[in-house]
Amino acid sequence: MEPTLERRMVCYHEAGHAVVHAHYDHAIYSTTVVPDDERDILGNVTSQALYSYPSNIRRAIMRESILATYAGSEAEKIVNPNFDPEQSSSDFSLAYNLLREYPPPRCMVGDDVFYDRLEYYRKQSARLVRKLWPRVERV
């Protein structure tokens with residue numbers, strides 16, 4: 001991928017994360033599209049940590065955080081239909097770990113229901129990114 005196209009994809013990816021976090025009124029501390037070789041990332045959105053919320057609302061915030069986590073890849077897919085989600089393995093890992101911390105009832109980590117739930121959240125995120133697309137493009 002040519003450098004300018006790669007930078008453009010990073011911008012859409014990080015904008016997807018940021019717009020969905022903002023949609024849910026999550027505090028966003030920083031957003032960057034400057035690569036960090038030390039951390040092996042091309043961009044980053046830092047938002048309010050899940051553990052900083054009161055324990056009685058963490059499960060609801062967890063769902064919103066998973067949607068925001070998937071939003072980067074979903075925004076990239078809109079701009080580049082050839083986008084390979086494997087390129088965002090860190091986003092999948094974060095979504096996986098969030099769900100593992102707060103699994104839905106009757107759901108065990110690693111079982112089919114667990115992965116079905118992750119896929120359900122990914123699809124919800126895709127719908128939300130399409131709905132919020134004008135905001136993503138503005139960012």
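Helices α2, α3 and α4 each supply at least two residues of the lining of the second largest pocket. Helices (H or I, at least four residues) and strands (E, at least two) are DSSP runs, numbered from the N terminus. The model is predicted: local features need pLDDT of at least 70, side-chain atom pairs count only at pLDDT 80 or more, and totals for chains, interfaces and linings use all residues. Residues are numbered from 1 along each chain as its sequence is written, and side-chain values use heavy atoms, with hydrogens and water left out.

The second largest pocket has a volume of about 250 Å³. Its lining comprises 14 residues, of which Tyr70, Pro85, Ser88, Phe92 and Arg122 are the closest to its centre. On a 1 Å grid over the protein atoms alone, a pocket is an open set of points where a 1.4 Å probe fits, with protein on both sides within 12 Å along at least five of seven lines; lining residues have an atom within 4 Å of a point. Grid points are joined across faces, edges and corners, and the volume is the space filled by probe spheres set on the points. By class, the lining has 5 nonpolar, 3 polar and 6 charged residues. In this classification Ala, Val, Leu, Ile, Met, Phe, Trp, Tyr, Cys and Pro count as nonpolar, Asp, Glu, Lys and Arg as charged, and the others, Gly among them, as polar.

Tyrosine 70, one of the residues closest to the centre of this pocket, lies in helix α2. At 8% relative accessibility, tyrosine 70 counts as buried, a class defined by a relative accessible area under 20%, with exposed meaning over 50% and partly exposed in between (1.4 Å probe, protein chains only). Leaving aside neighbours within four places in sequence, tyrosine 70 is in contact with Phe92, Ala95, Leu118, Tyr121, Arg122 and Ser125, where contact means heavy atoms within 4.5 Å. The C-alpha atoms of tyrosine 70 and arginine 8 are separated by 18 Å, and the two residues are 62 residues apart along the chain.

Arginine 122 also takes part in salt bridges. A salt bridge is a side-chain nitrogen of Lys or Arg within 4 Å of a carboxyl oxygen of Asp or Glu, and a search of the whole structure finds 4 of them. In one, the side chains of arginine 122 and glutamate 74 meet at 3.1 Å, N to O. This pair links distant parts of the chain, with arginine 122 in helix α4 and glutamate 74 in helix α2, 48 residues apart. Both arginine 122 and glutamate 74 are buried. In another, glutamate 119 pairs with arginine 122, the closest N and O atoms being 2.6 Å apart. Glutamate 119 and arginine 122 are 3 residues apart in helix α4, which means that about one helical turn separates them. Glutamate 119 is partly exposed, with a relative accessible area of 33%. Salt bridges that share partners join Glu74, Lys77, Glu119 and Arg122 into one network.

A further salt bridge is formed by arginine 39 and aspartate 36, with 3.9 Å between the closest N and O atoms. Arginine 39 is found in the loop between β1 and β2 and is exposed, at a relative accessible area of 51%, whereas aspartate 36 is partly exposed at 23%. The C-alpha atoms of arginine 39 and aspartate 84, 45 residues apart along the chain, are separated by 21 Å.

The largest nonpolar core has 26 residues, and those with the most contacts inside it are Val20, Met62, Ile66, Leu99, Leu118, Tyr121 and Val136. Two or more residues of this core come from each of α1 (3-23), α2 (58-79), α3 (89-101), α4 (112-131) and α5 (133-138), and the largest share, 7 residues, comes from α2. Such a core is a set of buried Ala, Val, Leu, Ile, Met, Phe, Trp, Tyr and Cys residues joined through side-chain atoms within 4.5 Å. Leaving aside neighbours within four places in sequence, leucine 99 is in contact with Met62, Ile66, Pro104, Phe114, Arg117, Leu118 and Tyr121.

Two further loop residues were examined. Aspartate 25, in the loop between α1 and β1 (28-32), has a positive phi of about 60° although it is not a glycine. Aspartate 25 is exposed, at 68% relative accessibility. Asparagine 56, in the loop between β2 (44-47) and α2, is exposed with a relative accessible area of 69%. The C-alpha atoms of asparagine 56 and threonine 32, 24 residues apart along the chain, are separated by 31 Å.
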